[in-house]
Structures are given as structure tokens and as C-alpha cells.
Amino acid sequence: MGSRTGLHLDYLSLAEFEAARWAGVMGVATFDGSRDGLRETGAPVVEINTPVLGDAPALCEVWRTPQAVESGQRGRVRYARTADMLFGCIAIPENDNTRTPAEGDRSPLQDATEQAYREILGTLDALGFPHLIRVWNYVSEINLDTHGTERYRQFNSGRQTALLAAGRAITGNVSAACALGAAAGSPLVIYFLASHTAPTFVENPRQVSAYNYPPQYGRRTPVFSRAAVLHEPGSMTLFISGTASIVGHQTIHAGDTAAQTRETITNIEALLDEANRVTKSEEFTLDALACKVYVRHAADLPVIQAELRTALGPSSRAVYLQAEICRRDLLVEIEATAMVPATAGM
Ligand code: 3EB
């Protein structure tokens with residue numbers, strides 16, 4: 001999906017990707033270890049361990065641009081850049097997570113997260129792309145308690161600490177994001193898009209901003225915006241963060257997968273309305289979305305698929321991955337991207 005002038009996103013099978021044009025690829029994410037043969041693009045390939053569900057074998061998430069692309073590496077960050085945009089990724093193995101922690105010890109995940117974000121933010125500074133638009137975070141065993149706290153909270157600590165150390169905001173103008181589980185033993189994997197020009201960040205009027213969550217969800221808040229709009233000449237891209245069945249700051253419909261899916265779609269509709277309002281556009285609609293759906297229990301796939309097809313229509317674009325979600329009571333999380341013509345005057 002995408003305009004001729006701006007960023008493009010496609011979800012393709014490996015065969016489709018190999019048949020498609022290679023020019024203009026900024027980055028590729030793969031989800032089930034099917035990256036063989038992708039290496040020689042020059043663009044970064046992100047390997048994420050979240051099994052693909054349904055009938056989409058060897059799924060590739062492909063980010064393309066009509067602009068000239070140059071790829072490179074800085075520290076452990078592999079990247080591809082155009083004149084306006086940066087795609088990058090980093091994978092950091094965690095050390096010795098089985099070691100019995102000493103009192104007050106920092107966890108290996110907190111360290112890995114902090115290091116990853118320091119390298120990412122350092123790369124943005126060095127290459128001159130100050131605006132982090134969208135970040136995808138994959139954390140193995142995200143719901144496991146170690147070192148006295150859940151690993152998602154350890155991740156939040158590391159992320160917030162690194163942002164503060166870099167002198168960056170931890171509320172307000174912060175990137176859209178998602179944070180999901182990945183198979184045990186996977187490294188911490190993070191990929192991102194950044195830009196020269198400031199995006200517009202969007203919050204959901206139905207939800208407390210995540211960066212303002214009360215302390216019951218962890219001493220260090222999750223730092224992300226509910227959505228971000230990238231403005232390019234002739235096009236806009238809306239990045240909707242991982243969205244779930246949360247109203248206010250509370251999970252609702254615990255145990256009911258269908259109701260959680262419907263509530264999540266209601267949250268996404270609220271974000272579309274809000275994105276249209278702040279960009280003075282009418283273009284952001286449910287049928288413009290390409291959705292990536294994270295399913296906690298693979299057996300819930302048919303229920304979630306049925307709800308999504310009802311809400312989005314038969315032509316809806318959605319890919320499904322099995323992943324743990326960062327609250328134990330959440331059964332489904334949906335992220336989405338929409339590329340639409342630019343609004344005059346924005
Ligand atoms: C939520 O709304 C669900 O920590 O980066 C969604 C999107 C969630 C991003 C993150 C977490 C993150 O709080 C979880």
C-alpha cells in the first residue's frame with residue numbers, strides 16, 4: 001500500500017517478495033525464520049520470532065520508498081536511509097538471564113533495552129534524523145517475572161532511562177510503538193522509522209496516555225504515543241501503535257476474546273477520528289488500514305478473524321502473528337498503518 005510519492009508498506013509471501021522489485025527497499029521484517037535468500041538486498045532484514053498464523057506462509061513486511069536508498073551500519077544498528085527517512089534495526093542477546101540476581105541488581109533485559117535505545121538514539125543524532133516516528137519492540141517471554149518484576153516492566157525501565165539519558169521527551173512528543181513477546185531465547189529485537197521532519201502525534205480520547213499510566217502498571221511508564229502521522233509531499237502515513245482492549249487505563253473484557261477484539265477496533269476507530277481531526281483530513285478510514293494482529297492463543301484466530309472481517313469488510317488487509325501481549329489479561333492487540341493522499345495545507 002502507498003502513494004507514488006511516499007513510503008510504501010506491503011505484506012508479502014517470500015515468493016511474492018522475490019518476484020517484486022527490489023529497488024527502493026528500506027527494510028524487511030520477517031516473523032518465522034524464513035529470511036533465507038533475503039540477505040543480498042543490502043537493506044536491513046529484521047528477524048522476529050512470532051509464528052505466522054493462518055494461510056500466509058513466510059510473511060515479509062516490506063518497507064519501500066520511491067527515493068534513492070543507501071544502507072549502512074553504526075555499532076549494532078543496521079539501517080537504510082533516504083534523503084528524508086531512516087529505517088533501522090538492532091538485535092541484542094540478553095546475557096545470563098538464569099543467574100540468581102543479587103539484591104538491587106539490574107536485570108539483563110533492562111540493560112539490553114537501555115543499550116539498544118542508546119544506540120538507536122545515538123544513530124538518529126549521528127545521521128541527522130531527530131524524529132523517531134514508529135518503533136517495534138519484541139521481547140522474549142515478555143510476561144515472565146524475573147528480578148522481582150515482569151520483563152515488560154524491566155523493558156519499560158530500560159527504554160525510559162535511555163530516553164532520559166539522551167535528553168529526550170518521555171511524554172507528549174514520543175514515538176508510536178508496540179511491544180510484544182517473542183519465542184523464548186530470542187534476542188531483544190527493535191526496529192524503527194525516523195524522519196527529518198516532525199510527525200504529528202495522536203492520542204486516543206478513550207484512553208489515558210500510556211506515558212501517564214498510574215504506577216500500578218510499573219514504576220517507569222511505557223513511553224509511546226497512540227499514533228503518529230508522517231507528512232510527506234503528496235502523502236501522509238498514519239502509524240497506529242499496538243492497540244488493545246483498554247479503556248481509561250484498564251483492561252476490559254478479560255477472558256472474552258471476541259469482545260476484546262471489538263473494543264480494540266473501537267479504539268482504532270477513535271484514533272482514526274482523532275487523526276482526521278488533527279490533520280484536517282477525511283482520508284483515514286478503517287478500509288485504508290493494513291493491520292498486523294497479535295494473537296495470544298493461536299486457537300483464538302477464527303474468533304478474532306471473524307470480528308475483524310465484520311468490522312473492516314471482506315477486502316480488509318490483515319496479517320496474524322502469535323505473540324504474547326504485554327499485559328497478561330490481553331488476548332489480542334492490533335497495530336495498523338494507512339497511507340493516504342496528503343491534505344492540502346498540512
Ligand atoms: C497498551 O495500550 C497495550 O510499551 O511500547 C501497546 C503499544 C502496548 C505499545 C509499548 C505497549 C506498547 O498499554 C500495550
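The points below go from the ground rules to the whole chain, then to the ligand, and end with a few single residues.

1. Ground rules. This is a predicted model, in which local features need pLDDT of at least 70 and side-chain atom pairs count only at pLDDT 80 or more, while totals for chains, interfaces and linings use all residues. Residues are numbered from 1 along each chain as its sequence is written, and side-chain values use heavy atoms, with hydrogens and water left out.

2. Overall fold. The chain has five helices and 20 strands; these are DSSP runs numbered from the N terminus, with helices being H or I of at least four residues and strands E of at least two. Its radius of gyration is 19 Å, close to the 20 Å that the globule rule gives for 346 residues, so the chain is as compact as a globular protein of that length. That radius is taken over C-alpha atoms, and the rule is 2.2 Å times the number of residues to the power 0.38. Along the principal axes, the C-alpha trace spans about 55 × 45 × 40 Å.

3. Of the 346 residues, 58% count as buried (buried is under 20% relative accessible area, exposed over 50%, partly exposed in between, with a 1.4 Å probe and protein chains only). The chain exposes about 13400 Å², and carbon and sulfur atoms supply 50% of this area. Accessible areas come from the Shrake-Rupley method with a 1.4 Å probe; for residues, only the protein chains shown count as cover. Among contacts between residues at least 6 apart in sequence, 77% join residues at least 24 apart, a contact being heavy atoms within 4.5 Å.

4. The ligand shell. Which residues come nearest to the ligand? Of the 13 around it, they are Tyr152, Arg159, Tyr213, Arg226 and Cys326 (near means that a heavy atom of the residue lies within 4 Å). The shell divides into nine nonpolar, one polar and three charged residues. In this scheme Ala, Val, Leu, Ile, Met, Phe, Trp, Tyr, Cys and Pro are nonpolar, Asp, Glu, Lys and Arg are charged, and the others, Gly among them, are polar. Both α3 (151–165) and β11 (176–182) supply at least two shell residues, and β11 gives the largest share, three residues.

5. Polar pairs at the ligand. An N or O atom in the side chain of Tyr152 is 2.5 Å from a ligand oxygen. Polar side-chain atoms of Tyr213 and Arg226 also lie by ligand oxygens, at 2.7 Å for Tyr213 and 2.8 Å for Arg226. Taken alone the ligand exposes 360 Å², of which the protein buries 99%.

6. Cys326. This shell residue sits in the loop between β19 (317–322) and β20 (332–341). Is Cys326 buried or exposed? Cys326 is buried, with a relative accessible area of 13%. Leaving out residues up to four places away in sequence, Cys326 touches Ile142, Asn143, Glu150, Tyr152 and Ala179.

7. Two backbone angles to check. Glu141 is not a glycine, yet has a positive phi of about 45 degrees; Glu141 lies in the loop between β8 (131–140) and β9 (145–146) and is partly exposed at 31% relative accessible area. Lys280, also a residue other than glycine, has a positive phi near 50 degrees. Lys280 is in the loop between α4 (257–279) and β18 (290–295) and counts as exposed, at 64% relative accessibility.

Terms used:
Polar contact = N/O pair within 3.5 Å; in protein donor to acceptor, adjacent residues only side chain to side chain.
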